[in-house]
Amino acid sequence: MASSTCYFAGLSLLCWLLASSSTASAQLSPNFYVTTCPHLENIVHFTMAHVIRQDHRMGASMLRLFFHDCFVNGCDASVLLDDTPTLQGEKNAYPNQNSLRGFEVIDRIKTSVEARCPNTVSCADILALAARDAVKLLGGPTWTVPLGRRDTTTASMSAANANLPPPTANLSSLISLFASKNLTARDMTALSGAHTVGLARCSSFRTRIYNEPNIDASFAAVQKSACPVVGGDDNLVVLDMSTPIRFDNGYFKNLMARQGLLHSDQELFNGGSQDAWVRLYARSNHAFAQDFIVAMVNMGNIAPLTGSSGEIRRNCRFVN
Ligand code: HEM
Ligand SMILES: *[C@@H]1O[C@H](CO)[C@@H](O)[C@H](O)[C@H]1NC(C)=O
Ligand SMILES: *[C@@H]1O[C@H](CO)[C@@H](O)[C@H](O)[C@H]1NC(C)=O
């Protein structure tokens with residue numbers, strides 16, 4: 001990997017980590033569209049900046065969309081496919097329904113990209129770039145995105161239900177789920193720091209705030225006022241009460257104060273193997289940023305379609 005891909009001058013360790021992080025990365029390249037779509041990154045960034053100015057949450061939603069794409073048979077834009085009479089998409093899988101958002105933002109970017117470089121750029125790569133830009137625009141770090149993914153012609157509702165972690169997951173199942181995607185426990189903990197932005201529905205955390213002992217009492221009281229015992233399933237609450245729209249290490253400070261919103265969040269700091277990483281990230285925003293970048297690149301390398309596999313979709317919602 002060229003040294004020009006290292007945005008942070010002097011962080012040679014980071015550059016080395018990025019260059020050596022994953023076996024699959026060899027297939028993807030940051031320069032993939034340099035001659036075929038030189039303005040790609042500007043187009044994505046322009047649209048993302050515009051959208052996030054109007055709705056900060058959309059940054060969080062794009063980041064989550066990328067995660068939910070990559071964990072279901074790889075980063076292949078399967079999550080973007082609509083249901084049709086001949087194809088069952090993933091949008092109504094349990095972890096996605098009434099919860100995933102941002103599809104129209106991808107459509108908007110895709111339309112602009114097609115106008116400049118028709119039939120060239122995959123929806124899977126647009127998603128990877130949009131997630132990267134979202135983090136930066138919310139005040140987080142930035143990095144170079146390896147590109148060259150292609151789009152799948154299939155989707156799997158059952159894989160979406162099986163491979164996306166539920167908020168009730170315990171530490172050992174989180175670790176093994178991420179391990180099945182070749183991501184380490186450290187990657188998993190750093191990636192969970194994405195919950196420094198965005199919102200969750202009452203139904204995702206009710207059991208925790210009413211029943212669990214490892215929760216700060218005043219935090220639980222605030223959450224209960226937004227999330228009643230019965231009803232209000234879709235009431236929304238910020239995942240990081242300290243700095244809700246800023247991409248920083250506030251999430252890890254919350255965990256140390258027993259103010260994790262989801263059960264799965266607090267599992268990372270509950271006397272187990274990830275406590276030390278949580279402490280480090282809570283202490284050092286820089287350490288968090290570095291590990292988050294490495295983990296995002298690793299996640300983006302999950303089983304990409306490359307070469308002549310898959311296709312370049314014309315419309316991200318439908319196979320060609
Ligand atoms: C470690 C396992 C994870 C679990 C169990 C989990 C679970 C959840 C749940 C339940 C929600 C709220 C959904 C709702 O109530 O509508 C959520 C939101 C979110 N998740 Fe995760 N997540 C995990 C990892 C990740 C990762 C790896 C990322 C990205 C790198 C991520 C990014 C987000 C974002 C940004 C939101 C807010 C989305 C919005 O406001 O639209 N999560 N997650
Ligand atoms: C974690 O959850 C899995 C799946 O629900 C379960 O089989 C396992 O026993 C749990 N592990 C612990 C340590 O509670
Ligand atoms: C994980 O790595 C192994 C060995 O390199 C590979 O066979 C497998 O396909 C990878 N799994 C994913 C989900 O990328």
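**Close-up views of disulfides and ligand sites**

**View 1. The disulfide of Cys 37 and Cys 117.** Cys 37 and Cys 117 are joined in a disulfide, with 1.9 Å between their sulfur atoms, in what is a predicted model. Distant parts of the chain are linked by this pair, 80 residues apart, since Cys 37 is in the loop between α1 (12-20) and α2 (40-54), while Cys 117 is in the loop between α4 (103-116) and α5 (123-137). The disulfide of Cys 37 and Cys 117 is right-handed because the torsion about its S-S bond is about 60°. Cys 37 has a relative accessible area of 2% and is therefore buried, and Cys 117 also counts as buried, because its relative accessibility is 6%; the cut-off for buried is under 20% relative accessible area. The structure holds four disulfides, including this one.

**View 2. The disulfide of Cys 70 and Cys 75.** The sulfur atoms of Cys 70 and Cys 75 lie 2.1 Å apart and form a disulfide. The link of Cys 70 and Cys 75 is right-handed, with 115° about the S-S bond, and both Cys 70 and Cys 75 are buried.

**View 3. The disulfide of Cys 202 and Cys 227.** A distance of 1.9 Å separates the sulfur atoms of Cys 202 and Cys 227, which form a disulfide, and this link is right-handed, with 75° about the S-S bond. Because Cys 202 lies in helix α9 (residues 202-211) and Cys 227 in the loop between α10 (217-226) and β2 (236-238), the pair ties together parts that are 25 residues apart in sequence. Cys 202 counts as buried, because its relative accessibility is 0%, and Cys 227, at 0% relative accessibility, counts as buried for that reason.

**View 4. The iron atom of ligand 1 and His 195.** The protein provides a single donor to the iron atom of ligand 1, namely NE2 of His 195, at 2.1 Å. His 195 itself is found in the loop that lies between α8 (185-192) and β1 (199-201).

View 5. Around ligand 3 are the residues Ser 180, Asn 182, Ile 302 and Ala 303. Of the 370 Å² of accessible area that ligand 3 has on its own, the protein covers 39%. The shell around ligand 3 is made up of two nonpolar residues and two polar residues, with no charged residues. One of the residues around ligand 3, Asn 182, has a polar side-chain atom that lies 2.3 Å from an oxygen atom of ligand 3.

Conventions
Residues are numbered from 1 along each chain as its sequence is written. Chains are lettered from A and ligands numbered from 1 in the order in which they are written. This is a predicted model: local features need pLDDT of at least 70, side-chain atom pairs count only at pLDDT 80 or more; totals for chains, interfaces and linings use all residues. Side-chain values use heavy atoms; hydrogens and water are left out. A residue is near a molecule or strand if one of its heavy atoms lies within 4 Å of it. A polar contact is a pair of N or O atoms within 3.5 Å; within protein, one must be able to donate a hydrogen and the other to accept it, and residues adjacent in sequence count only if both atoms are side-chain atoms. Accessible areas come from the Shrake-Rupley method with a 1.4 Å probe; for residues, only the protein chains shown count as cover. Ala, Val, Leu, Ile, Met, Phe, Trp, Tyr, Cys and Pro count as nonpolar, Asp, Glu, Lys and Arg as charged, and the others, Gly among them, as polar. Donors are N, O and S atoms within 2.8 Å of the metal (3.2 Å for Na, K and Ca); water is not among the atoms, so sites may look incomplete. Helices (H or I, at least four residues) and strands (E, at least two) are DSSP runs, numbered from the N terminus. A disulfide is a pair of cysteine sulfur atoms within 2.5 Å. Buried means under 20% relative accessible area, exposed over 50%, partly exposed in between (1.4 Å probe, protein chains only).
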